[in-house]
Amino acid sequence: MSRHAFSPEERAAVYRAIYERRDIRSFLPDPLDEAAVARILDAGHHAPSVGFMQPWNFILIRSQEVKQQLRDAVDRERLAASLHFEDERQDLYLKLKVEGILQAPLTICVTCDPTRGGRHVLGRNSIPETDVFSVSCAIQNMWLAARAEGIAMGWVSIFKKQDIRHILDIPPHIDPVGLISLGYVEAFPNRPLLESAGWRDRIPLAELVFEEKWGAPNRAIPLNQT
C-alpha cells in the first residue's frame, strides 16, 4: 500500500460519500448551516480545472420569487422533453419529480466562463469543452461535500440557457451549467431515485471495463458485478 494512502477510516468516509450521494428532489424547509454552505462552495472551488482556468461562478438564490421563475423555466422544458417518450414511458416521465427548487432553502446556479484564462488555455486547444468538464468536477466536489455535511443536493439541467441567463442577468457569453438545490432531508434513499422509480437499472461495472482496446474483456482486475 502507498505510504500516501489515507487511513482505513478516512478511506471509508470518502467511499461512503461516493456511494451514498443521491440526486435529491424533495427537501425540508429548515434553513441551512451557512458555515456548511461555505465549505461546500470551497470544495467546488478546489475542483481540478483544465489549465487551472477555474471557469466557475456560483450564484446563490434564496428569493422565492426568483426560484419560482427558475422553476417555471424548468417545467416548460420538462413538458417539452416528455414529447420524446411514448405511452407508459411518457407517463412515468411525467410522474417523476425532476426538481425541488421551490422546496429547497437554497439553489445555486453554477456557471461556466469559457473566456477565463485568456484565448489560449493550457491543455484546452484540442478539446474546448474541457471548460464544462471542469465545472462538472466542481459540481461533483460540491455533491460529495454536501453528503458529508448531511445536506442533500439535486442537480437540475432541464432548462434553456437563455431563459436562465435572462432570469439571473447572466452575461451572454457565460453558460449556466446547472441549478443546484440544497437542503436537509428526513433520510437519504438507499438507491438512486430513478432506479427506485423503475426508470433504469445500474449497469454492471464489468460490462463497462475493457482492456487494451474497445470491446476486449478485462481479465486482470476483479470487479464488483453491480
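This is a predicted model: local features need pLDDT of at least 70, side-chain atom pairs count only at pLDDT 80 or more; totals for chains, interfaces and linings use all residues.
Which residues of α6 are buried?

**View 1. The buried and exposed sides of helix α6.** The buried residues of α6 are Ile164, Arg165, Ile167 and Leu168. Around the helix axis they span an arc of only 165 degrees, which means that they lie on the same side of α6. Gln162 and His166, on the other side of the helix, are exposed. The cover over the buried residues of α6 includes β1, α3, β2 (106–112) and β4. After α6 comes aspartate 169, which has a positive phi, near 55 degrees.

**View 2. The salt bridge between aspartate 175 and arginine 165.** The closest N and O atoms of aspartate 175 and arginine 165 are 2.6 Å apart in this salt bridge. Aspartate 175 belongs to strand β4 (residues 175–183) and arginine 165 to helix α6, and the two residues are ten residues apart. Arginine 165 has a relative accessible area of 11% and is therefore buried, the cut-off for this class being under 20%.

**View 3. The salt bridge between aspartate 163 and arginine 76.** Aspartate 163 and arginine 76 form a salt bridge in which the closest N and O atoms are 3.5 Å apart. This pair links distant parts of the chain, for aspartate 163 is in helix α6 (residues 161–168) and arginine 76 is in helix α3 (residues 64–82), 87 residues apart. Aspartate 163 is partly exposed, with a relative accessible area of 23%. Arginine 76 is likewise partly exposed, its relative accessible area being 46%.

**View 4. The salt bridge between arginine 39 and glutamate 149.** The side chains of arginine 39 and glutamate 149 form a salt bridge with an N to O distance of 2.7 Å. With a relative accessible area of 43%, arginine 39 is partly exposed. Glutamate 149 is also partly exposed, at 30%.

**View 5. A network of salt bridges.** Arg16, Glu20 and Arg147 are joined to one another in a network of salt bridges. The count of salt bridges in the model comes to 13.

**View 6. A nonpolar patch on the surface.** Phe6, Val14, Tyr15, Ile18 and Tyr19 make up a nonpolar surface patch. Together these residues have about 530 Å² of accessible area. One of them, tyrosine 19, is located in helix α1 (residues 8–20). Tyrosine 19 has a relative accessibility of 59% and therefore counts as exposed, the cut-off for that class being over 50%.

**View 7. Glycine 51 and its surroundings.** Glycine 51 is placed in the loop between α2 (34–45) and β1 (56–61). Its relative accessibility is 39%, so glycine 51 counts as partly exposed. When residues up to four places away in sequence are not counted, glycine 51 touches Val121 and Leu122. From glycine 51 to valine 185 the C-alpha to C-alpha distance is 37 Å, and the two residues are 134 residues apart in sequence.

Notes: Residues are numbered from 1 along each chain as its sequence is written. Side-chain values use heavy atoms; hydrogens and water are left out. Helices (H or I, at least four residues) and strands (E, at least two) are DSSP runs, numbered from the N terminus. Buried means under 20% relative accessible area, exposed over 50%, partly exposed in between (1.4 Å probe, protein chains only). Contact means heavy atoms within 4.5 Å. A salt bridge is a side-chain nitrogen of Lys or Arg within 4 Å of a carboxyl oxygen of Asp or Glu. Patches are made of residues with over 30% relative accessible area and no salt bridge: like charges are joined within 9 Å, nonpolar side chains (Val, Leu, Ile, Met, Phe, Trp, Tyr) within 5 Å. Accessible areas come from the Shrake-Rupley method with a 1.4 Å probe; for residues, only the protein chains shown count as cover. The arc is that of the directions from the helix axis to the C-beta atoms.
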